[in-house]
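Here are my notes on the model you sent over. Have the structure open while you read.

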Amino acid sequence: MAEKTLPLDSSRLNELAEEYPTPFHLYDERAIRETVRSLLKAFEWCPGFREYYAVKAAPNPHLLKILKEEGCGGDCSSFPELLLCEKVGITGEHIMFTSNETPAYEYQKARELGAVINLDDFTHIEFLQNTVGLPELICFRLNPGPLRQSEGNAIIGNPEESKYGLNMEQLIEGYRVVKEAGVQRFGLHTMVVSNELNSSAFVETARMLLSLATRLKKELDVQLDFVNLGGGIGIPYHPDQDPVDLVEVGQGVKQVYDEFIGRDGLEPLNILMENGRMVTGPHGYLVTRAVHEKHIYRDYVGVDACMANLMRPAMYGAYHHITVVDKQQDPHDHVYDVVGSLCENNDKFAIQRSLPKIDRGDLLVIHDAGAHGHSMGFQYNGKLRSAELLLKEDGSIQQIRRAETIDDYFATLDFGAL
Ligand SMILES: *Cc1c(COP(=O)(O)O)cnc(C)c1O
């Protein structure tokens, strides 16, 4: 099996783990910048193309600042995510606000910031109107339901079973209603795949949205400013998988775009995306140390990270590759369950995984933890969220989030009132 590479050599990783207590997340700035550049390059044929980084994937202002410098906007779905963008200077239409079950104060903040508001339901038109008023630009999230012909996607599921978006009839009616209410600019969004490795899925999405753009123009004289293909570009969690060919995605979407744009008079329609995973996912590492081993019906290695640091294996049965830092050349002739300390038996980073022989104190790196990793963290069993470190382009390390302390954990309790 192919191996995955580490962002630092083993001696530097060991030094780092001496200086900062494990577990911690480590992000590779250079690789993040290179990845986002390759995405933007694949769409450079579309002058207005923008990637709105999905903030939820790694909501750290230092990472957002890097992405802003590369020209990204932010895709937000909550008040705190809006604030994070504001703090790093991502404002106005560089924010896409795609939320669901949204309270009025969140819409209020989105309006204050001039964000693009992406409505998740027909009834939200009236809700927005009655609470904060309709902005000049409105976007709708389409749930294509059975109209989407491809197979369901493991994380998002079948569109018909998904809670997001408006169905087709509601969508058409939605544009009619907001146009009548004075909205002047329009966007169309969908998000039907997640962690999708097949580039044709994104081309299909573009075709679906562009043919809808044509229909909106013909039936309602609604001229879309943009279609947003959503996020969902997958990453090769398993070393035997191949990354998505971004050039293939870009060129495939271009072909569809060229087919529709002039013929149906859609110009100057813009293409947007809002990926999280592909931008930071492969460039974040969860560094943890083996603290115990036990041998019962299976062989277990206990590490000092747990599912609160990275929930994907427990939540989705997701594969995350593991490298034993000082034993990279050793034969992978031991089979382990690599487990965390939660009182939940699904707190396992790897199940029946062939690895080198692991001893207590060995440093382990869990790969592809840079998106939907730290951000999914929680405090069950009194687990404290770990630190986040940034490996900067000049090779230095910056702590971009400290680890939580017991005081943080108890901060919302009033012991004085006992
Ligand atoms: C989660 C999410 C994304 C990002 O998904 P990735 O798989 O990280 O690319 C984009 N848009 C919306 C609306 C989302 O909910």
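The points below cover the ligand site, the cysteines and a surface patch.

1. First, the ground rules. This is a predicted model, so local features need pLDDT of at least 70 and side-chain atom pairs count only at pLDDT 80 or more, while totals for chains, interfaces and linings use all residues. Residues are numbered from 1 along each chain as its sequence is written, and side-chain values use heavy atoms, with hydrogens and water left out.

2. On the ligand: there are 14 residues around the ligand, and Lys56, Gly232, Glu274, Arg277 and His372 come nearest (near means a heavy atom within 4 Å). As for polar contacts (N or O pairs within 3.5 Å), a backbone N or O atom of Arg277 sits 2.7 Å from a ligand oxygen, and a polar backbone atom of Gly276 is 2.9 Å from a ligand oxygen. Asp75 puts a polar side-chain atom 3.3 Å from a ligand nitrogen. The protein buries 89% of the 390 Å² that the ligand exposes when taken alone (Shrake-Rupley areas, 1.4 Å probe).

3. How many disulfides does a search of the whole structure find? The count is 0 (the cut-off is two cysteine sulfur atoms within 2.5 Å). Cys46 has its nearest cysteine sulfur, that of Cys72, 15 Å away. For Cys76, the closest cysteine sulfur is in Cys85 at 3.6 Å, too far for a bond.

4. Ile406, Phe410, Leu413, Phe415 and Leu418 make a nonpolar surface patch of about 560 Å² (residues with over 30% relative accessible area and no salt bridge, nonpolar side chains joined within 5 Å). Leu418 is in the segment after helix H12 (406-410).

Notes:
Patch = residues over 30% accessible without salt bridge, like charges linked within 9 Å, V, L, I, M, F, W, Y side chains within 5 Å. Salt bridge = Lys/Arg side-chain N within 4 Å of Asp/Glu carboxyl O. Helix = DSSP H or I, 4+ residues; strand = E, 2+ residues; numbered from the N terminus. Polar contact = N/O pair within 3.5 Å; in protein donor to acceptor, adjacent residues only side chain to side chain.
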